[in-house]
Amino acid sequence: VNDKALPHVHPCATAGLYSDAAEGQYPCKEGASVSSGRSCTAQCPEGFIPDYPKLSCFDGLFRPVSSFSCIKAWPTIAKGLCKAPVLTTANEVPGQAGCQKACFD
């Protein structure tokens, strides 16, 4: 008999990750909880993007942050219509929300 207890691996509850989530909507596409070792795909209301699009669950705690915010997304310019660089939300790097110049042509 092995006297050593196996470490408990707890899932992460998604409640509280995003305080403005709509009634009945989970902050993560994965639902009410995320298994340890898995990721939460953050979701926001239409017209907004998460400042941290992916959060990893490790033994009951989300990382790199314990919550995320939804920030207003800038509209994209249709391909071929851009005459000069426009400002768009920089969401390619998690946690680095801000603006960057981009031209979609």
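Mentor: Start with C57. C57 is buried, at a relative accessible area of 3%. Buried means under 20% relative accessible area, exposed means over 50%, and partly exposed lies in between (1.4 Å probe, protein chains only).

Some ground rules. This is a predicted model, in which local features need pLDDT of at least 70, side-chain atom pairs count only at pLDDT 80 or more, and totals for chains, interfaces and linings use all residues. Residues are numbered from 1 along each chain as its sequence is written, and side-chain values use heavy atoms, with hydrogens and water left out. Here pLDDT is the predictor's confidence in each residue, from 0 to 100.

C57 has a partner. Its sulfur atom lies 2.1 Å from that of C12, and the two form a disulfide, a term for cysteine sulfur atoms within 2.5 Å of each other. The bond spans 45 residues, from C12 in strand β1 to C57 in strand β5 (residues 54-58), and so links distant parts of the chain. Strands are DSSP runs of E, at least two residues, and helices are runs of H or I, at least four; both are numbered from the N terminus. The torsion about this S-S bond is about 90°, so the disulfide is right-handed. C12 is buried too, at 1%.

The whole structure holds 3 disulfides. In another of them, C28 and C40 bring their sulfur atoms 1.9 Å apart. The torsion about that S-S bond is -95°, and the link is left-handed. C28 sits in the loop between β1 and β2 and C40 in strand β3, so the bond ties together parts 12 residues apart in sequence. Both C28 and C40 are buried.

C44 and C70 make up another pair, S to S 2.0 Å. Their torsion is about -85°, so this disulfide is left-handed. It links distant parts of the chain, 26 residues apart: C44 is in the loop between β3 and β4 (48-50), C70 in strand β7 (residues 70-72). C44 counts as buried at 16%. C70 does as well, at 15%.

Now the surroundings. T14 is in the loop between β1 (12-13) and β2 (33-34). T14 is buried, with 1% relative accessibility. Leaving out residues up to four places away in sequence, T14 touches Y26, P27, C28, G31, A32, S33, V34 and F62; a contact means heavy atoms within 4.5 Å. A polar side-chain atom of T14 lies 3.0 Å from the backbone oxygen of G31.

C40 also belongs to the largest nonpolar core. That core has 15 residues, and L17, V34, C40, L55, F62 and F68 touch the most other members. A nonpolar core is a set of buried Ala, Val, Leu, Ile, Met, Phe, Trp, Tyr and Cys residues joined through side-chain atoms within 4.5 Å. Beyond four places in sequence, the contacts of F68 include C44, L17 and L55.

Two backbone details follow. The peptide bond from R63 to P64 is cis, with omega near 10°. P64 is in the loop between β6 (61-63) and β7. D59 is not a glycine, yet its phi is positive, about 50°. D59 lies in the loop between β5 and β6. It is partly exposed, at 32%. Most residues other than glycine have a negative phi, and most peptide bonds are trans.

Finally, the chain and its confidence. The protein chain has 9 strands and 0 helices. Of its 105 residues, 26% count as buried. Its mean pLDDT is 75, and 61% of the residues score at least 70.

Definitions and conventions:
Polar contact = N/O pair within 3.5 Å; in protein donor to acceptor, adjacent residues only side chain to side chain.
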